[in-house]
Amino acid sequence: QVQLVESGGGLVQAGGSLRLSCAASGRAFKSYAMGWFRRAPGKERDFVAAVTWSAGSTTYADSVKGRFTISRDNAKNTVSLQMNSLKPEDTAVYYCAAGAYGVSAGDYRYWGQGTQVTVTS
């Protein structure tokens with residue numbers, strides 16, 4: 001079992017930055033890949049970024065590539081998403097997930113409750 005709690009969301013102007021964090025409980029954290037997804041109002045949940053259990057590989061959605069960076073600290077049981085050059089279209093609820101390394105929501109077994117990110121123009 002892995003429990004995930006996101007934090008760090010908020011309101012920011014376009015061009016600004018935010019850093020999301022996800023704290024995980026459970027000894028199995030280190031064995032799971034971690035991902036970030038987001039759901040904008042009225043839209044489906046979309047993949048944002050993922051990192052393997054060892055942090056040896058990462059992958060990003062094209063829409064965030066070059067602006068967002070995913071990282072993890074297995075000693076602290078945390079995964080982070082650094083978001084730079086934010087755009088209004090980044091506005092969404094962001095979810096942390098643990099599971100198999102992939103870009104589909106179905107790859108992930110455990111989910112956090114989400115944190116709201118709002119980017120104003």
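Here are some questions and answers about the predicted model above.

Being predicted, the model gives local features only at pLDDT of at least 70 and side-chain atom pairs only at pLDDT 80 or more, while totals for chains, interfaces and linings use all residues. Residues are numbered from 1 along each chain as its sequence is written, and side-chain values use heavy atoms, with hydrogens and water left out.

Q: Which cysteine does Cys22 join in a disulfide?
A: A disulfide here is a pair of cysteine sulfur atoms within 2.5 Å. The structure holds 1 of these. Its S to S distance is 2.1 Å, and the partner of Cys22 is Cys96.

Q: How many residues apart are Cys22 and Cys96?
A: Strands are DSSP runs (E, at least two residues), numbered from the N terminus. The disulfide joins Cys22 to Cys96, and this pair links distant parts of the chain. Cys22 is in strand 3 (residues 18–25) and Cys96 in strand 9 (residues 92–99), which puts them 74 residues apart.

Q: Why is the pair of Tyr32 and Tyr110 called edge-to-face?
A: Rings of Phe, Tyr and Trp (its six-membered ring) pair if their centres lie within 6.5 Å; planes under 30 degrees apart count as stacked, over 60 as edge-to-face and the rest as tilted. The centres of Tyr32 and Tyr110 are 5.7 Å apart. The pair is edge-to-face because the planes stand at 80 degrees.

Q: What is the relative accessible area of Phe37?
A: Phe37 forms an edge-to-face pair with Phe47, 5.6 Å centre to centre. Phe47 counts as buried at 13% relative accessibility. Phe37 is buried too, with a relative accessible area of 1%.

Q: Which residue lies over the face of Trp111?
A: Trp111 belongs to an aromatic cluster with Phe37, Phe47 and Tyr108. A charge sits over a ring if NZ of Lys or CZ of Arg is within 6 Å of the ring centre and within 35 degrees of the ring normal. At 4.1 Å from the ring centre of Trp111, the residue is Arg45.

Definitions and conventions: Helices (H or I, at least four residues) and strands (E, at least two) are DSSP runs, numbered from the N terminus. Buried means under 20% relative accessible area, exposed over 50%, partly exposed in between (1.4 Å probe, protein chains only).
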